[in-house]
Structures are given as C-alpha cells and as structure tokens.
Amino acid sequence: MAVKTRKQGARDQPSQSTDREKSQFGSPAQNSSKGRRLGKEGKGTNFNSLLQNKNGLFPGTTFVRNKLGLSPSAVIKIGITLILAAVAGLIHLYHLSYLFENDRHFSHLSTLEKEMAFRTEMGLYYSYFKTIIEAPSFLNGLFLIMNDRLTEYPLIINTLKRFNLYPEVVLASWYRMYTGTMDFFGIATKMCWSVNRGEGLSPVDSCEGMGDPAYFYVTFVFLLNGLMMSLFFIYGTYLSGSRLGGVVVVLCFFFNHGESTRVMWTPPLRESFSYPFLVLQMLLVTYILRSRSPGRKALFALGISNVFFMLPWQFAQFVLLTQIASLFASYILGYLTPAKMQSLLVTHMISLGVCFVLMFGNAMLLTSFYASSLVSIWGIIALRDRIGIFCKPGIVTWVIQVVSWVVSTVILKFLMSAVFGASDDAHISSLIKSKFTSYKDFDTMMYTCAAEFDFMEAETPLRYMKTLLLPVNLLILAIIIGKTARDVWRFLRHGETSPPKSDQDSSEQTALFANGELVYHTLQLMAFAVLAVLIMRLKLFLTPQMCVMASLICSRQLFGWIGEKYRQQMLVFGILSLMAIQGVANLQNQWGIMGEFSNLPQEELLEWIRDNTRANAVFAGAMPTMASVKLSAVRPIVNHPHYEDAGLRERTKLVYAMYSRKPAEEVKKNLVKLGVDYFILEDSWCTRRSRPGCSMPEIWDVEDPENSGQVPLCTLMSRDPRPYFSTVFHNSVYKVLKVSKTTKDKR
C-alpha cells in the first residue's frame, strides 16, 4: 500500500497528516476527496428602493445606473445574469479540476511525474514556462526562450515567435510575482509530502498548492475555462433574449462535455488558452451585428479579442477564415451593410497586423488564406458599384462575388507565400487534398493516421442524437433557413440585394437585421460542421456552437408562434428533461473515470539521461519522447512535436528514417549531420499501427518505395545495433543507441 505522508522538512502551513491510497494505472484510485460546500444566504429586499436611494445599501449603483442609462430593474436583471454566469463558471472550474485529479491523481505525483504527465506538445509548451520561472530573472528567462539552443539543435530559434508562447510568458511572470510576494511576507505557498509508492519503488516528494509550478499552471488554465463557461451563459442569454437560453447553453455543454472540450485531459494545449477568447469574440460579433451602428468601443473590444484569440494558437487564423466567409455570405445575401462589413474587415486587418508585430514578423500570419481573404473581400466591396453596372442585382451578382472572392484569395495567398518564401502551412493544403483524393505523402500520413485527424467517426452524430442536441439544432436551422428563403425571395422579387434603405419600413429593417444575426450563426455552424466532418479533432468547435444555437429554442423571435411565454418555457424545460436522460449518464461516465498516472519506463529513461550524459548531449527520437527529454532532462533535441514548421518536418523525416527500411549507414550519416549523440529507439513505434497502412514502416513505403519489402531498420537495431550504433541503456520500452562518430563522420 502506498501512503502519502507530510514531508517534515517542507516549508508549509500547518495541516493534519492524511493517508491516501494509490492504485495501479487504470484501476480505481482509493483516495479521499476534499472539497468545500458553497453556502447561500439571501434576504428579501426592495432592490428598486435601494437603488433609487442615494444613501441605500448600494450607493455605487446610482453612478453605474446613470453612467449606463439603465433603469433600476435593468440593473437588477444584469446583476442576476452576471451572478448566474459566475455560478456556471465556478461549476465548470470545479468540474474540470475534479476530472483532471481523478484521471491522474495529480496531487500524488512527484515533480518529475507531473512533467511526464504533460505528454507530446503539452510537455514542449510547459518546458518554456519552466525555463522562465527557473531563470535568474524574468528578463533572463524571456531572453532564453527567444534565443533557444535546445529545441532544434544546433539552431538558435525564437520560440516565442514559433510556438505561440505568450500564455507561458504571462503565467511565468505571474508565478514569479506571486512566489516573490509570498516569500517576502513569509507566507507558505505549498504543502509537500513524501509518497511511498510501494512495489519496491523509492519514495518521491509530492507538493500541492499554488507555489507548485505545475499546480499554478493548470489552475490558471482551468480558471480561464471556467470564465469561458460564464461567457457561454452570457452569450446564450444575449442571443436568445432570455436567461433560460443561457441555461440551455450551459446544460447542453455539460451534457455533451466529452464532445465539447478536452481541456480537462490536456491543459497546456494552445486551444485551452485560445478558445475562451473566441467565445468572447463571437459574442462581440453578435452584438455588432445586432447594432445598427456599432460604436468604436465595440469594434475596439472585438479587435482586442481577436488578438487574444490569435496570439496563443497558430490554428486561430483558419477559424477566423470561416468567420469572415460566413460574414461575407451574410453581406452578399443583404444582411450586412457595406459600411458594417468594412468596419469588421478593418478591425480584423488591424488585429492581424498587431499579431504580426507581436509574433516578431511570423510570415505564416500574412501568408494565410485568412489574410488574403480580408484583402479580397475588401476589394470586392469597394468595387460593388462597378459590378452592379455590368450585372443586374440577383443570383448572377452573388455568384460573381463568390467566385471573385475564391479566385482572388487563392492568388493572393500564393503570391504572398512566394514573396515571403513561406511554406510552413503547405502541409495543410496537402492534408485537405488527401481528404478528397488518393494523395499521400509522409507528412500527410503523419496526420491522417492519427485518429483525431481522421474523418468524424459515425458515433459522434449518434451521441448528438442521444442528447437531443442534433434534433434541436436541425429544428432551429429549418426555421432560420425558412426565414432566410423568404427574405431572399423578397430581395429577388423586388430586384434588391442590399438591406432596406432608410425610407423603408423600420420594423422590416429591424427584422432584417435580426434575421442577419441568425443567418451568420447558421453559416458559422455549417462551416464548423464541415471542418469537424473533415477533421474529427475540430468537433471541439462544432459542439459548442451547436450548444449556442440550441439556446434559440428560448427565442421569441423564432418560437413566438408557440403562444404565451410560459408555454414556450414549459416546452424548453421538457426538452431539457429529455436531454438530461443521456446527458446525466454522460456526466456520470466522466465522473467515473478513475486512474493514476504512472510511466516507470520513461522515468527510468529520464533519470538515466540526467545522471549519465553530458548537459550538451544531443538526442533524437519519437516526437512525444523528445518533448519529455527537453522538459525533464533539459538536453538538446533535434526534433519535437510542433510539426507546423517546414524545416522541422524535414528534420523529423531524417530522424524517423530509423523506422524506415533504409540502410543503417545512410540513417546514421543523416543523424551525424544533425549532430545527434543518442537516438532513443522505441519498439512500439516499429510495430504499432492505428489501422492498416499506418505503421511507420508502411508510411515509409509510400515515401521510399525503392526499399519496400526490406526488413525495417528499427527491427534490425532492436536485435543488434552494431556497427553504426551501440546500446548504452535499455528497459522494457526504450533503448538508447549511441551514435558511433568516426573521425571521417566528424569532418
């Protein structure tokens, strides 16, 4: 039995010792849970009178009410909405923390085990947070990650530019300020324990509290995603015009939690930091679409949210491309005025420019389809009058604008790529090409052989059906499409393709703008659906958008025909009750996940590297393992999991030749050219495959057909690596091969 006891020498706050059971990985962990119940207190109060009384309980509300021009009842309603949003956020924060702890027993892990738990890209990103907090000063740590010599040896790269590391920079600065302040006042920030792991294993030290770097890191990730749930509540409330709509969004998200996010399993991934700002950004877009003349403050807020969304995640530009396409389609159909569309375009352009500067001139931003699309749409709108001269308003004009947008965007994208000499996103085009053709190459198969980059699995729509999320969305889409079809027919019948002019009936204009807001959300949902069908991982955009759209069952605009408001609310409660049947079962399945992280073979490997190799010894191997080597052993590596760079893809191909059928001498020469001292060989990479044709030797058969049929080199190296390599360490999973470097090789 493994017992976790308080470490006596640790600097901590007084607490009682506790015994906790540790279980085998994958089996139920017998640990006691700790928690606090939130109490609720309330008093019956005449809030209107208090708000109106200058000397009431809340004198500050008079200033807020006067500043915002709101009535007392409106202030109360906003206050209730914000309180409910905060409750939703706190519940989600607790839910994420609970699942994360249950899955890994994180509170019992040593520092090394916590680092190993951050696998693949997660470990790579976390390593830069670790670099900054362990540096002599914050500025010194910032200099180290901007002049990194470990990640792609022997190159010196600016990882802040390459890997979107602003979240790590911000969190590291906060961590240093927090621990520095607490140390100054002599306040303990963590409790440390000695964990007896049993089974003949040596005890390890395990720390809990915000003073522990890993705890600090994941806590802020979960706080941000708790705030995201608050934004979802506000989003649903605003879109549907009812707080019940906010409740619908939150419940749908929880009922489909496994399809909506993976932050509870993979906190350091870029989407964990970026996606909450997309929710804010789409809420602001909704506000701008609903406003007849949005002010500069709204556009400024949209620009800031764009920056915060793009900075942490290289994929953000593709999401914003779908948004711009949806807005452009709304403009073509007549739901956006040219002035409003141009205001949105300018805001996006400025945001993109700011990100380009903050990312130290990252060419991938300006050479993206997103950037080219902004310019091409601007040009089409600027030339709208000339297009109208040659074509009568109607379907022909719409087709011309769409074709012009597609052609000009593609031309601009490839021109910009040629100017900047950028090819980092070439694999994206190849990936999309492989979805519709039989095209294959090494880089494409590295993606498509992973389940998350395959087509959406058939079980996903079935899961949506069981929680009624899909049927509700289909009903809402049918109503919106019906309204849109009537609007389009009216436009075509009267020869108009632009929004009603000021001399037209104001109620018709108001209805048109309201429909435009719904049309945009419908088009955005369709765009996310296409992405999710092509790449299963991207259902993390589709599912939350479906939850947002589900809030429209509370919309009087769409469902006013049901009758009185209470009838509609009863219908909504009935639908939520049916959703809860499967939704609660899904939550119970999540809560039932009990495990404990353990990876003894990798722990042995990392400890051997730290104890038996030079600090400047260079390593190569599988991308996930290399991230752990850099993070925990702090050794130079030549390849890593961030596969978006063209140069890195070439390096990885040279390293992964160990799993091809090429001659050992050729592979060794390539490793020597990269400066590799040790290669970490994993037998599982030689044999495993997610499906037929997806083992590493089979992938290499596509790239290197000349050697097809030969025995894989990794198999030969497992038997006897001589004379080009020598085995210096091995266990049940890993074998470390030292690269033999003759005088000729060194020259």
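Biologist: Hi! Where is the place of Arg296?

Modeller: Arg296 sits in helix H13, which covers residues 296-310. Keep in mind that this is a predicted model.

Biologist: Is Arg296 buried or exposed?

Modeller: Arg296 counts as exposed, because its relative accessibility is 78%, and the cut-off for exposed is over 50%.

Biologist: And what separates the C-alpha atoms of Arg296 and Ser343?

Modeller: A distance of 9.5 Å, although the two residues are 47 residues apart along the chain.

Biologist: Let's zoom out. How many helices and strands are there in the chain?

Modeller: The chain has 35 helices and seven strands. It is 747 residues long, and 54% of those residues are buried. Looking at contacts between residues at least 6 apart in sequence, 72% join residues at least 24 apart.

Biologist: What is the mean pLDDT of the chain?

Modeller: The mean is 85, with 85% of the residues reaching 70 or more.

Biologist: Which elements have the lowest and the highest mean pLDDT?

Modeller: Helix H1 (residues 47-52) has the lowest, at 43, while helix H10 (residues 243-255) has the highest, at 97. Over residues 6-58 the pLDDT is below 50, and that stretch has 94 contacts in the model beyond near neighbours in sequence. Residues 743-747 are also below 50, with four such contacts.

Biologist: Good to know. Changing topic: which residues make the contact between H14 and H19?

Modeller: Let me start with the geometry. The axes of helix H14 (residues 316-332) and helix H19 (residues 395-420) come within 10 Å and cross at roughly 155°. H14 is therefore roughly antiparallel to H19, and their crossing is right-handed. On the H14 side the contact uses Ala325, Phe328, Tyr331 and Ile332, and on the H19 side Trp398, Gln401, Val402 and Trp405.

Biologist: How do those residues of H14 and H19 divide into nonpolar, polar and charged?

Modeller: Seven are nonpolar, one is polar and none is charged.

Biologist: Now H22 and H25. At what angle do their axes cross?

Modeller: At roughly 15°, with the axes of helix H22 (residues 459-466) and helix H25 (residues 539-550) coming within 13 Å. The two helices are therefore roughly parallel to each other, since angles under 35 degrees count that way. H22 passes H25 in a right-handed crossing.

Biologist: Which residues meet there, in H22 and H25?

Modeller: Thr460, Arg463 and Tyr464 from H22 meet Lys539, Leu542, Thr543 and Met546 from H25. This contact of H22 with H25 divides into three nonpolar, two polar and two charged residues.

Biologist: Two single residues before I go. Where is Ser110, and what is it in contact with?

Modeller: Ser110 lies in the loop between helix H3 (72-104) and helix H4 (111-117). Its relative accessibility is 7%, so Ser110 counts as buried. Setting aside neighbours within four places in sequence, Ser110 is in contact with Val204 and Asp205.

Biologist: And what does Thr448 touch?

Modeller: Thr448 belongs to helix H21 (residues 442-448). Not counting residues up to four places away in sequence, Thr448 touches Leu431, Ser434, Phe453, Asp454 and Arg691.

Biologist: Is Thr448 buried or exposed?

Modeller: Thr448 counts as buried, because its relative accessibility is 14%, and buried means under 20%.

How values were computed. Residues numbered from 1 in each chain as written. Predicted model: local features only at pLDDT ≥ 70, side-chain atom pairs only at ≥ 80, totals over all residues. Heavy atoms only, no water. Helix = DSSP H or I, 4+ residues; strand = E, 2+ residues; numbered from the N terminus. Buried < 20%, exposed > 50% of the residue type's maximum accessible area, 1.4 Å probe, protein only. Contact = heavy atoms within 4.5 Å. Axes fitted to C-alpha atoms, helices over the stretch in contact; angles between N-to-C directions. Parallel < 35°, antiparallel > 145°, perpendicular 65-115°, else oblique. Left-handed = near helix turned anticlockwise from the far one by under 90°. Nonpolar A, V, L, I, M, F, W, Y, C, P; charged D, E, K, R; others polar. pLDDT = per-residue confidence, 0-100.
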